[in-house]
Amino acid sequence: MEHVELFFKSIFIDNMIFATFLGMCSYLAVSKKVTTAVGLGAAVIFVLTVTVPINWLLDQYLLKDGALVWLGPEYADYNLGFLSFILFIATIATMVQLVEIVVEKFSPSLYNSLGIFLPLIAVNCAILGGSLFMQSRDIPTLGLALNYGFSSGIGWFLAILAIAAIREKIRYSNVPAPLRGLGITFIITGLMAIGFMSFGGMLTGGDEKKPAQETSAATIKTEQIQKENTEETATVVSVSEVSTLTKQ
């Protein structure tokens with residue numbers, strides 16, 4: 001259940017584009033055609049799926065405070081967290097270079113259409129953001145880190161695919177001259193972000209039951225205490241009345 005929740009939350013609720021607006025440069029520049037958007041989106045999925053779990057391993061066994069304890073007790077006090085950015089970017093750059101070589105080898109047309117934006121995945125803030133979010137949210141296992149990287153890539157892929165399809169249709173629409181190009185693209189992106197905000201309550205239904213149960217239990221307990229206090233008060237009053245009658 002935890003994997004399913006993280007999968008859907010990363011795609012719809014914490015979408016890299018519509019929730020945090022990361023990776024907007026590639027999103028705006030390569031979304032003019034669906035074919036190029038699909039190619040870049042697939043590359044982003046691959047890079048995120050590979051780099052997030054690798055960086056999770058680096059964070060757990062090298063960068064965190066006390067992560068070097070596996071080397072010996074004398075290394076337990078070492079903290080290499082200041083190297084996070086360097087190692088994360090090095091991992092990302094290596095994977096991007098691999099993707100660039102594969103795309104150039106098997107799909108030269110896609111390589112030429114993507115142009116400079118394919119190697120720019122190495123400095124895409126969405127790619128680095130995936131690893132940094134993984135680190136800040138303390139994802140506990142390697143499986144969840146792999147799930148988070150893959151689902152975050154799926155969310156970015158869906159965002160760029162949707163805007164590319166819309167922009168292809170807009171070419172044949174009567175858009176006002178001042179809004180043509182990036183103007184109408186920004187407007188559509190904002191509207192899509194508002195639409196994705198509606199998914200915010202998708203996974204909160206189960207979290208609301210527990211407070212409701214606790215509230216009802218607290219209400220019942222309060223009513224019991226009030227009832228006991230009322231009975232005790234009535235008993236004291238009756239005892240005082242009996243003592244008054246006895247004195248008379």
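Predicted model: local features only at pLDDT ≥ 70, side-chain atom pairs only at ≥ 80, totals over all residues.
A crossing of two helices is called right-handed if the near helix is turned clockwise from the far one by less than a right angle.

First, the overview. The protein has 248 residues, and 34% of them are buried. Its secondary structure comes to 9 helices and 0 strands. Read from the N terminus, the elements run α-α-α-α-α-α-α-α-α. Now contacts along the chain. Residues 24 or more positions apart account for 76% of them.

Next, helix packing. Two packed helices are described by the angle between their axes and the distance between the axes. Here is the first pair. Helix α4 covers residues 84–106, and helix α6 covers residues 125–136. Their axes come within 10 Å and cross at roughly 130°. That angle makes α4 oblique to α6. The crossing of α4 past α6 is right-handed, in the sense I opened with.

Which residues of α4 and α6 make the contact? On the α4 side, they are Ser84, Phe85, Phe88, Ile89 and Ile92. On the α6 side, they are Ile127, Leu128, Ser131, Leu132 and Gln135. Sorted by class, this contact of α4 with α6 has 7 nonpolar residues, 3 polar ones and no charged ones.

Now the second pair, α1 and α7. Helix α1 spans 2–13, and helix α7 spans 142–170. Their axes are 7 Å apart, and the packing angle is about 30°. Angles under 35 degrees count as roughly parallel, and α1 and α7 are therefore roughly parallel to each other. Again, the crossing is right-handed, with α1 passing α7.

Look at the residues. From α1 we have Glu2, His3, Leu6, Phe7, Ser10 and Ile11. They meet a list from α7: Gly143, Leu144, Asn147, Tyr148, Phe150, Ser151, Ser152, Ile154, Gly155 and Leu158. By class, the contact of α1 with α7 divides into 8 nonpolar, 7 polar and 1 charged.

On to the cysteines. How many disulfides are there? The count comes to 0. Take Cys25. Its closest cysteine sulfur is in Cys125, 5.6 Å away, and that is too far for a bond. The cut-off for a disulfide is 2.5 Å between the sulfur atoms. Cys125 is likewise in no disulfide, with the sulfur of Cys25 as its nearest cysteine sulfur.

Last stop: the loops. Where is Phe21? Find the loop between α1 and α2, where α2 is 24–29. Phe21 is partly exposed, with a relative accessible area of 43%.

Asp138 lies in the loop between α6 and α7. Its relative accessibility is 56%. Over 50% is exposed, so Asp138 counts as exposed.

To recap. We have 9 helices and 0 strands. The pair α4 and α6 is oblique, while α1 and α7 are roughly parallel. And there are 0 disulfides. Thank you.

Technical notes: Residues numbered from 1 in each chain as written. Heavy atoms only, no water. Axes fitted to C-alpha atoms, helices over the stretch in contact; angles between N-to-C directions. Helix = DSSP H or I, 4+ residues; strand = E, 2+ residues; numbered from the N terminus. Parallel < 35°, antiparallel > 145°, perpendicular 65-115°, else oblique. Contact = heavy atoms within 4.5 Å. Nonpolar A, V, L, I, M, F, W, Y, C, P; charged D, E, K, R; others polar. Buried < 20%, exposed > 50% of the residue type's maximum accessible area, 1.4 Å probe, protein only.
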